[in-house]
Amino acid sequence: MNDQQALQINQALFSLTHAYEVRMSAENPPEKTGMTLFDCAVLMVIGQHNPIRSADLAQRMEVRPSTISIYVKRLSQKSLIKMKRDETDRRSWWLELTAAGKVAYRMIIKGTVHYTRDFLSVLTEEESNTLHAILQKMTHALGYTWQ
């Protein structure tokens with residue numbers, strides 16, 4: 001791959017990422033949901049690993065614990081997650097979805113599936129499978145393996 005091709009792929013990935021974030025914001029506007037995109041991402045990871053320790057959440061999302069604590073606090077104040085101190089390590093907290101958090105999680109998943117399916121509808125099933133395999137391979141090459 002030459003420099004020009006690498007640059008074009010980089011620009012295409014940036015454009016796709018930006019367009020996807022814009023679409024996600026439009027589908028789940030903070031004014032309507034009361035949650036930012038990162039709030040939704042945190043809720044999704046907690047929902048997928050319910051319950052999860054806060055340190056594990058930060059590690060899975062590749063963000064600093066201090067950053068995660070901001071989102072955890074906000075989601076806790078919205079009664080979407082509950083925090084429980086780890087009995088074996090008093091410095092650690094377990095995070096778990098509340099009943100309202102489970103409802104929000106299901107709504108976020110449903111919306112995510114809907115708009116992902118919508119923009120992937122231009123691809124054939126074979127192209128979708130190939131895209132998935134390529135994205136997984138690239139993600140692993142970047143060292144991001146939480147999923």
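Biologist: Hi! Is the crossing of α1 and α6 left-handed or right-handed?
Modeller: The crossing of α1 and α6 is right-handed, meaning the near helix is turned clockwise from the far one by less than a right angle. This is a predicted model, where local features need pLDDT of at least 70 and side-chain atom pairs 80 or more, while totals for chains, interfaces and linings use all residues. Numbering starts from 1 along each chain as its sequence is written, and side-chain values use heavy atoms, without hydrogens or water.

Biologist: Where are those two helices, and at what angle do they pack?
Modeller: Helix α1 covers residues 3–27 and helix α6 residues 99–120; helices here are DSSP runs of H or I with at least four residues, strands runs of E with at least two. They pack at about 135°, with axes 11 Å apart, on a 0 to 180 degrees scale between N-to-C directions.

Biologist: What does that make α1 relative to α6?
Modeller: That angle makes α1 oblique to α6 (under 35 degrees is roughly parallel, over 145 roughly antiparallel, 65 to 115 roughly perpendicular, the rest oblique).

Biologist: Which residues make the contact?
Modeller: From α1 come Y20, R23, M24 and E27, and from α6 T112, H114, Y115, T116, D118 and F119, with contact meaning heavy atoms within 4.5 Å.

Biologist: Is T112 buried or exposed?
Modeller: T112, which sits in helix α6, is buried at a relative accessible area of 16% (buried is under 20%, exposed over 50%, partly exposed in between). Leaving aside neighbours within four places in sequence, T112 is in contact with Y20 and M44.

Biologist: Changing topic: how do α4 and α5 pack?
Modeller: Helix α4 (residues 54–61) meets helix α5 (residues 65–77) at about 110°, and their axes are 9 Å apart. The two are therefore roughly perpendicular to each other, and their crossing is right-handed. S54, L57, A58 and M61 of α4 make the contact with P65, I68 and V72 of α5.

Biologist: And the sheet, what's the strand order?
Modeller: The sheet is open, with 3 strands in the order β1-β3-β2 and antiparallel pairing. β1 (52–53) and β2 (81–85) are at the edges with a single partner strand each, so one side of each has no neighbour in the sheet.

Biologist: How many bridges join β2 to β3?
Modeller: There are 5 bridges between β2 and β3 (residues 93–97), which run antiparallel; at least two bridges are needed for a pair. M83 stands opposite L95 in β3.

Biologist: Which helix lies across the strands?
Modeller: Helix α3 (residues 37–48) lies across β1, β2 and β3, running at about 95° to β3.

Terms used
Buried < 20%, exposed > 50% of the residue type's maximum accessible area, 1.4 Å probe, protein only.
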